[in-house]
Amino acid sequence: MTATPPPLAEPVLSLLQGQLHSLILAYTPEQSVIEEQYLLQRLGLKLHSDLAISADLQLFQRHFVLYHLLYRLQHSLFKQAQGYLRIDLAKVQYLPQTTAPESLQDASRREYYLNWHHYYQMTEQLLDAQLNAFWHYASTQRPVIDNMPTKTAENILSLSAGYNLAQLKKAYRSKALQLHPDRGGDQQQFIALRQAYQQLLQQF
């Protein structure tokens with residue numbers, strides 16, 4: 001069975017992986033959490049499509065390529081005993097090799113992002129269906145925290161002071177995509193995300 005080809009040529013992916021490695025090594029202070037948005041902005045990742053696609057699908061594609069590169073880099077660093085790249089939802093952390101688990105964690109998420117079939121499988125309709133399923137799922141669950149403080153809700157959504165409604169919605173949809181179970185998302189984290197979004201939405 002032929003492997004699904006990547007959306008970018010391998011030399012380009014290798015170049016981006018090297019740039020990503022440099023960005024993570026240069027980040028200070030050492031061992032601090034690095035947000036996904038920071039890496040996307042600094043990497044300047046651009047994908048071209050012959051079809052007109054929504055901003056949400058563009059976001060998913062950029063996110064997918066970034067995490068594909070992160071898991072490739074994680075494997076390379078781990079294999080060469082240069083350090084352990086901890087990859088979480090919307091953030092990464094470069095740690096000493098001694099902190100690496102005996103076997104790399106989040107196997108299902110890693111396998112998802114290393115298979116380009118999932119990149120091409122995502123469509124506008126499937127994306128909307130997944131987000132709608134999130135809304136339905138969250139509405140049937142008990143909130144994680146009653147009366148979540150505003151600052152806590154803003155931190156969950158990685159929002160800075162002075163955000164507007166459009167930025168709030170964009171932050172929610174971005175995190176909701178990352179928390180999908182097929183990509184190793186945690187259900188309780190999504191419930192908290194949903195609650196944070198609902199509470200901040202009331203301010204508008």
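**Entry 1: helix 1 and helix 3**

I start with a term: a helix axis is a line fitted to C-alpha atoms, for helices over the stretch in contact, and the angle between two axes runs from 0 to 180 degrees between N-to-C directions. I note that I am working on a predicted model. I looked up helix 1 and helix 3 and found that their axes come within 10 Å. They cross at roughly 70°. Angles of 65 to 115 degrees count as roughly perpendicular, so helix 1 is roughly perpendicular to helix 3.

Next I listed the residues that meet. Helix 1 brings Glu 10, Leu 13, Ser 14, Leu 16, Gln 17, Leu 20, His 21 and Ile 24. Helix 3 answers with Val 65, Leu 66, Leu 69, Leu 70, Arg 72, Leu 73, Ser 76 and Leu 77. I sorted the residues of this contact by type and got 10 nonpolar, 4 polar and 2 charged.

**Entry 2: helix 1 and helix 2**

I then turned to helix 1 (residues 10-26) and helix 2 (residues 36-43). Their axes also come within 10 Å, and the crossing is at roughly 125°. I noted the crossing as right-handed.

On the helix 1 side I found Leu 16, Gln 19, Leu 20, Leu 23 and Ile 24. They meet Leu 39, Arg 42 and Leu 43 in helix 2. By type, the residues of this contact divide into 6 nonpolar, 1 polar and 1 charged.

I looked up His 63, which lies in helix 3 (residues 55-79). Is His 63 buried or exposed? Its relative accessibility is 4%, so it counts as buried. The cut-off for buried is under 20%. The side chain of His 63 makes a polar contact with the side chain of Glu 36, at 2.7 Å. Leaving aside neighbours within four places in sequence, I found His 63 in contact with Glu 36, Tyr 113 and Gln 178.

His 68 came next, and I placed it in helix 3. His 68 has a relative accessible area of 4%, so I wrote it down as buried. Which residues touch His 68, leaving aside its neighbours within four places in sequence? I found Tyr 113, Leu 114 and Trp 116. Tyr 113 was already on my list for His 63.

**Entry 3: two positive phi values**

I checked Ala 81, which is not a glycine, and read a positive phi of about 55°. Ala 81 lies in the loop between helix 3 and strand 2 (84-88). With a relative accessible area of 52%, Ala 81 is exposed.

I also checked Ser 158. Its phi is near 55°, again a positive value in a residue other than glycine. Ser 158 sits in the loop between helix 7 (150-156) and helix 8 (165-178). I noted Ser 158 as partly exposed, at 39% relative accessible area.

**Entry 4: the whole chain**

Last, I stepped back. I recorded 9 helices and 3 strands. From the N terminus on, the elements run α-β-α-α-β-β-α-α-α-α-α-α. The protein has 204 residues, and 42% of them count as buried. Among contacts with a separation of 6 or more, I noted that 66% join residues 24 or more positions apart.

Methods
Residues are numbered from 1 along each chain as its sequence is written. This is a predicted model: local features need pLDDT of at least 70, side-chain atom pairs count only at pLDDT 80 or more; totals for chains, interfaces and linings use all residues. Side-chain values use heavy atoms; hydrogens and water are left out. Helices (H or I, at least four residues) and strands (E, at least two) are DSSP runs, numbered from the N terminus. A crossing is left-handed if the near helix is turned anticlockwise from the far one by less than a right angle, and right-handed if clockwise. Contact means heavy atoms within 4.5 Å. Ala, Val, Leu, Ile, Met, Phe, Trp, Tyr, Cys and Pro count as nonpolar, Asp, Glu, Lys and Arg as charged, and the others, Gly among them, as polar. Buried means under 20% relative accessible area, exposed over 50%, partly exposed in between (1.4 Å probe, protein chains only). A polar contact is a pair of N or O atoms within 3.5 Å; within protein, one must be able to donate a hydrogen and the other to accept it, and residues adjacent in sequence count only if both atoms are side-chain atoms. Angles under 35 degrees count as roughly parallel, over 145 as roughly antiparallel, 65 to 115 as roughly perpendicular and the rest as oblique.
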